[in-house]
Amino acid sequence: MRLAATPLDLLELDLPRGEPWGYAFAQALLQAPWAWRALRPTPGLLGLIRQDLEALFLELERRRQDFPLGDLGERPPHPAEEGALQALLARDPEALVEVLKAHGPYPFALYRAFRFGEEVHPLPHPRLPQEDELVGYEEQLKALRENARRFLSGKPALHTLLYGARGTGKSTAAKSLLHLPGARMVEVEPKALPRLEALLERLGLLPHRFFLFLDDLSLDPEGEAFHHLKALLEGSLEGPPENVLLVATSNRRHLVRHLGENPLPDQGPQAWDALQDALALSERFGLVLTFPPFDKGLYLKAVAHHLGRTLTPAEEAEALRFALQKGFSGRVARQFALSQLGTTP
């Protein structure tokens, strides 16, 4: 395992408050080559871990003597870091195994948000939307969050597809699930779909519950994503592990093939719901939530919401001019509000 050798090496790490060498070694233990195997330990593996702990304890003492240091971090220690450090100081392999079973190996032990491309990368400070950021989709958000809460509480829940017009807030709605207590999310890059089963095999070993977020998904039956997701949702012998819930978004342009005219922007959700019959993969998702386009009234309501005040007639006219080129959407409403904040009373 890779250990920090000098104080400069410590500056590359995300360390908590406290004695830095101890927490640096604790993080190394969470990333040890045997960390995943330790979730299902054997007597031989426990003996190997004991040998590593004995050697690492002596190495830690040398680092502390050679380079005595104070705090380098600003955040509080994570329970996984605390537990791994105590197991190291006690040279107790069974205690370290319990830490790994309770929190998982790195990076899952320390973080809540991740991106999966070539490998899993933690997102220590994910940019989350405000909980009241979306306007006009209260029923969709209610259904989305109720389903998510059931999943997080260990109850049966449905894989979810959010689809509809561009700029209506589908991705924002999905990311807002990270506000829920206990939620963790892995955003999957499109190029990583062929490696999805390997990721799910790892996630299935962990004690946490994960939302697997697939953004701006193309559900074209001729596309590569279709075949991977079809096998994952219903064609695989195993399917997703019970601690993983899929949440996908897809734009209108990805869903409609050879259908002629799409529903007009001023038509209600019923017209958009009729498109469900044409979705190539939507039947594999248990919960399908429609995000229809904004109309003028909803657009102005969203602008007022983001500005935090009732619009004057002049502001309404300016907001409508702003939307002339881009059309009505929640994204455009937020852009207009941001352009006005600080410049108007």
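Predicted model: local features only at pLDDT ≥ 70, side-chain atom pairs only at ≥ 80, totals over all residues.
**Entry 1. The chain**

I began with the secondary structure and found 14 helices and seven strands. I then looked up burial: of the 345 residues in the chain, 47% are buried. The accessible surface comes to about 17,600 Å². Carbon and sulfur atoms account for 51% of that surface. I also checked how far apart in sequence the contacting residues lie. Among contacts with a separation of 6 or more, 75% join residues 24 or more positions apart.

**Entry 2. Helices α2 and α3**

I took the helix pairs next. Two packed helices are described by the angle between their axes and the distance between the axes. Helix α2 covers residues 20-30 and helix α3 covers residues 43-66. Their axes come within 10 Å and cross at roughly 155°. An angle over 145 degrees counts as roughly antiparallel, so α2 and α3 are roughly antiparallel to each other. I noted the crossing as right-handed.

Which residues of α2 meet α3? I listed Trp 21, Gly 22, Phe 25 and Leu 29. On the α3 side they meet Leu 53, Leu 56, Glu 59, Leu 60, Arg 63 and Arg 64. Sorted by class, this contact has six nonpolar, one polar and three charged residues.

**Entry 3. Helices α12 and α13**

I moved on to helix α12, residues 296-307, and helix α13, residues 313-322. The axes come within 11 Å and the crossing angle is roughly 115°. The range 65 to 115 degrees counts as roughly perpendicular, and α12 and α13 are therefore roughly perpendicular to each other. The crossing of this pair is right-handed.

From α12, the contact uses Lys 296, Tyr 299, Leu 300 and Val 303. From α13, it uses Glu 316, Ala 319, Leu 320 and Phe 322. I counted classes here too: six nonpolar, no polar and two charged residues.

**Entry 4. Helices α13 and α14**

I followed α13 to its contact with α14. The two axes come within 10 Å and cross at roughly 125°. That angle makes α13 oblique to α14. The crossing of α13 and α14 is right-handed.

On α13 I found Glu 315, Glu 318, Ala 319 and Phe 322 in the contact. On α14 the partners are Val 332, Gln 335, Phe 336 and Ser 339. The class count for α13 with α14 is four nonpolar, two polar and two charged residues. I noted that Ala 319 and Phe 322 are listed in the contact with α12 and in the contact with α14.

**Entry 5. Gly 330**

I stayed with α14, residues 330-340, which holds Gly 330. Is Gly 330 buried or exposed? Its relative accessibility is 16%, and under 20% means buried, so Gly 330 counts as buried.

Leaving out residues up to four places away in sequence, I found Gly 330 touching Gly 167, Phe 294 and His 306. Of these, His 306 falls within the residues of α12. I also looked up Pro 293, which is 37 residues from Gly 330 in sequence. The C-alpha atoms of Gly 330 and Pro 293 are 8.9 Å apart.

**Entry 6. Ser 176**

Last, I looked up Ser 176. It sits in the loop between α7 (170-175) and β4 (184-188). Its relative accessibility is 5%, so Ser 176 counts as buried. Which residues is Ser 176 in contact with, leaving aside neighbours within four places in sequence? I found Pro 129 and Arg 145.

Conventions
Residues numbered from 1 in each chain as written. Heavy atoms only, no water. Axes fitted to C-alpha atoms, helices over the stretch in contact; angles between N-to-C directions. Helix = DSSP H or I, 4+ residues; strand = E, 2+ residues; numbered from the N terminus. Parallel < 35°, antiparallel > 145°, perpendicular 65-115°, else oblique. Left-handed = near helix turned anticlockwise from the far one by under 90°. Contact = heavy atoms within 4.5 Å. Nonpolar A, V, L, I, M, F, W, Y, C, P; charged D, E, K, R; others polar. Buried < 20%, exposed > 50% of the residue type's maximum accessible area, 1.4 Å probe, protein only. Areas by Shrake-Rupley, 256 points an atom, 1.4 Å probe, with all protein chains shown as cover.
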